[in-house]
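Please read it alongside the sequence and coordinates displayed here.

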Amino acid sequence: MASSLQNQDSISYLTQREASEELAGLSVATSIAEVYKPNEYNRVLAICGPGNNGGDGLVAARHLYHFGYKPFVCYPKRTPKSLYSGLATQLESLSVPFLSVDELPVDLSNDFDILVDAMFGFSFHGAPRPPFDDLIQKLVQLHRCEQIQRKSPVIVSVDIPSGWHVEEGDVGGEGIKPDMLVSLTAPKLCAKKFSGPHHFLGGRFVPPTIAEKYKLHLPQYPGASMCVQIGKPPQVDISALRENYMSPEFLEEQVEADPLDQFCKWFDDAVAAGLKEPNAMALSTSGKDGKPSSRMVLLLGVVKDGFFWCTNYESRKARELSENPQASLLFYWAGLNRQVRVEGSVQKVSDEESEQYFHSRPRGRQIGAIVSKQSTIVPGRHVLQQQYKELEEKYPEGSLIPKPKHWGGYRLQPERFEFWQGQQSRLHDRCLVYLGNRGHDSTSRSRI
């Protein structure tokens with residue numbers, strides 16, 4: 001074991017200043033990645049000043065490269081300090097392009113999706129000098145493009161929008177209007193004047209003693225995240241939330257002869273893509289009153305006879321299936337722009353099959369199946385926890401836990417499949433496969 005450890009003399013070590021720069025830049029990059037995904041906002045231009053803010057921008061550009069973005073850097077006034085020259089060298093080793101001011105397009109709106117404003121921080125005073133005065137104006141012009149409904153890239157400002165007063169903000173109202181502000185360590189007073197949709201706090205490097213000394217009231221960072229969103233949540237226009245899918249064509253002749261094989265092929269793709277819970281499916285049922293109900297359950301198996309899952313036989317879905325043994329399943333794999341609808345008749349599986357699956361489950365899930373009285377009112381979570389604890393004591397580790405009579409499996413025998421592949425401009429591929437009453441021998445397929 002010891003032989004696999006790296007010799008500490010061969011490892012590079014950072015100074016406190018380098019470590020702070022690294023944390024700050026990483027915070028900026030993770031904040032961007034939280035909101036602007038690289039498949040939609042891929043081309044990033046980091047405009048870096050000569051000081052600490054510029055260093056944060058250089059580090060952010062490097063991390064964004066590793067996150068899957070395509071960064072470009074404009075660094076007009078390179079600083080000879082080894083820290084900053086080293087950051088530039090790291091980017092150059094990744095073949096990240098450095099653009100001079102003269103190489104920048106007059107209008108930035110066509111060439112970039114994200115502009116990182118890392119020119120000046122809270123220590124800057126006075127009027128910006130060339131070439132940063134012109135660069136700031138380029139960012140200001142983008143706000144005017146939005147006012148005349150022209151597409152423009154989003155602006156992300158590091159700590160303070162360049163040109164703003166550290167306390168009073170955009171004094172004349174003619175400054176940069178960022179879409180995202182990433183405050184570092186703690187928000188500066190000017191952040192109160194920020195009106196964009198996304199305000200993040202990044203850094204996570206304030207020791208409790210410093211926070212207490214300066215009476216800093218900072219939010220908790222979630223989990224291992226380097227950033228946390230603060231301020232009011234952005235107002236969302238639900239009608240504007242849409243995707244323009246990019247997918248390979250899916251034609252009728254590409255559907256497998258047996259639609260169950262086609263389902264398994266797509267399911268394997270979802271597993272290989274690392275999608276979360278690819279076996280999650282929406283199960284829709286209705287009773288004799290015709291009122292539909294849906295819920296998410298987990299697919300437990302697929303065989304020639306159909307789709308298998310387990311549940312409480314006293315739940316609402318079980319009652320509805322006893323009145324109307326027809327159901328619909330819906331699988332949605334967002335990462336692949338695919339969904340599959342399956343409709344058919346439903347039957348309970350044998351007690352032997354339910355018993356076999358029940359005892360294959362982890363011990364905690366076996367106990368949970370006994371405790372959970374689905375679709376019934378529970379006085380409180382504490383009641384479930386107490387019952388669970390009592391059953392843990394009743395059935396010690398290694399003992400056989402009997403399957404409750406009210407729990408078991410169902411199988412849907414498919415009669416109709418619909419395979420859906422998202423495409424651009426809502427011209428989706430939808431292939432319907434109908435099995436008919438005689439099973440696979442009467443299979444028909446069509447585009448809808």
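1. Seven strands form an open sheet in the order β2-β1-β3-β4-β5-β6-β7, and the pairing is mixed. Strands here are DSSP runs (E, at least two residues), and helices are runs of H or I of at least four residues, both numbered from the N terminus; two strands pair if DSSP finds at least two bridges between them. The edges are held by β2 (70–74) and β7 (227–230); each has a single partner strand, so one side of each lacks a neighbour in the sheet. On average, neighbouring strands are turned by 20 degrees against each other, direction ignored.

2. This is a predicted model, in which local features need pLDDT of at least 70 and side-chain atom pairs count only at pLDDT 80 or more, while totals for chains, interfaces and linings use all residues. Residues are numbered from 1 along each chain as its sequence is written, and side-chain values use heavy atoms, with hydrogens and water left out.

3. Strand β4 is largely enclosed by the rest of the structure, because five of its five residues are buried (under 20% relative accessible area, with exposed over 50% and partly exposed in between; 1.4 Å probe, protein chains only). V154, V156 and V158 cover one side, and I155 and S157 the other.

4. β4 pairs in the parallel sense with β3 over four bridges, where D117 stands opposite S157. Three bridges join β4 to β5, also parallel; M180 in β5 is the bridge partner of V156.

5. β5 (residues 180–184) and β6 (residues 198–202) pair in the parallel sense over five bridges, with S183 opposite L201.

Definitions and conventions:
Axes are lines fitted to C-alpha atoms, for helices over the stretch in contact, and angles run from 0 to 180 degrees between N-to-C directions.
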